[in-house]
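Hello,

Here is the structure I promised to send over. Please have a look at it first, and then read on for what turned up.

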Amino acid sequence: MDVAVREHAQLGEGPTWDAARGRLVWVDILGARVHTYDPSSGRRTVMATEQHIGAAKPRAAGGLVVNLRDGIGLYDTDGTFRWLLRNPVSGRRGNDAAVAPDGSLWAGTMRYDEARGGGTLTRIAPDGSAAPVFPDVSVSNGTAWSPDGTRMYYIDSPTRRIDVCRVDPDGHRVLDRRPLAAVEPAAGLPDGLTVDADGCVWVALWDGGRIHRYTPDGELDRTVELPVRRPTSCAFGGPGLRDLYITTARTGLSRPHPLSGSLLVLPDAGTGLAGTPFGG
């Protein structure tokens, strides 16, 4: 395990490989920051946002689509911001999000008090039209697709499950949802996830200090122990998509580890899937 970026992010989240620019994009939700990191040069950037930010993903047109407190916004390459879908709800904010193979954004929300059923998962098309996927989740987190795009993996953290969903042929709707694997309380809460080229699911375990990898059949086949207590998500990036980047948090810890809030990396962990930029 190596340190990619030493940082004191309050709630690091959502690592995403931006293939067009050869960099990793990740956010500090409570710090309202978007971070980028180029592993080939070591160059970093940090951009402040005016609201808490749950996720930032590359756009096909350049720039970023962001899941903010009050909805979905777009940043152009010159930093210009505009709303794509503004839908403020008192006490609620955007959380994790992912871009589907068809270029739509599947964006999660949650209440600040984490009230049961107070969050959502919504599909946002490139034109800003929205359709509910799951209207009553608690803490919407990891979302990713199988290599062939027919299955979506999803985490509502308080359920302590990784669920698998069958997706309709056009990729717009979930046809069914069932548990893939359960996480024992002692192992932590399942948070963000990614899927590798073998179809295995890598899950960050909040308060568990580790990453689990599950086979497509739901069997736990690998555990990666971490120096920090609160990993939040993971994603493959770098040359050949072989390095696993891990975001971490320090919020709520009275004595955080010195690396809590940093971006960690596990070199040559496997092979990731090429991501799809948001179509808008």
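One thing to keep in mind throughout is that this is a predicted model. I began with contacts along the chain: of those between residues at least 6 apart in sequence, 42% join residues at least 24 apart.

Next, the secondary structure. The protein has 24 strands and zero helices. Its radius of gyration is 17 Å, close to the 19 Å that the globule rule gives for 280 residues, so the protein is as compact as a globular protein of that length. Along the principal axes, the C-alpha atoms fill a box of roughly 40 × 40 × 40 Å.

You will find Asp18 in strand 2, which covers residues 12-18. Is Asp18 buried or exposed? Its relative accessibility is 6%, and because the cut-off for buried is under 20%, Asp18 counts as buried. Which residues does Asp18 touch, leaving aside its neighbours within four places in sequence? Asp18 is in contact with Arg23, Val25 and Pro58.

Methods: Residues are numbered from 1 along each chain as its sequence is written. This is a predicted model: local features need pLDDT of at least 70, side-chain atom pairs count only at pLDDT 80 or more; totals for chains, interfaces and linings use all residues. Side-chain values use heavy atoms; hydrogens and water are left out. Helices (H or I, at least four residues) and strands (E, at least two) are DSSP runs, numbered from the N terminus. The radius of gyration is taken over C-alpha atoms; the globule rule is 2.2 Å times the number of residues to the power 0.38. Contact means heavy atoms within 4.5 Å. Buried means under 20% relative accessible area, exposed over 50%, partly exposed in between (1.4 Å probe, protein chains only).
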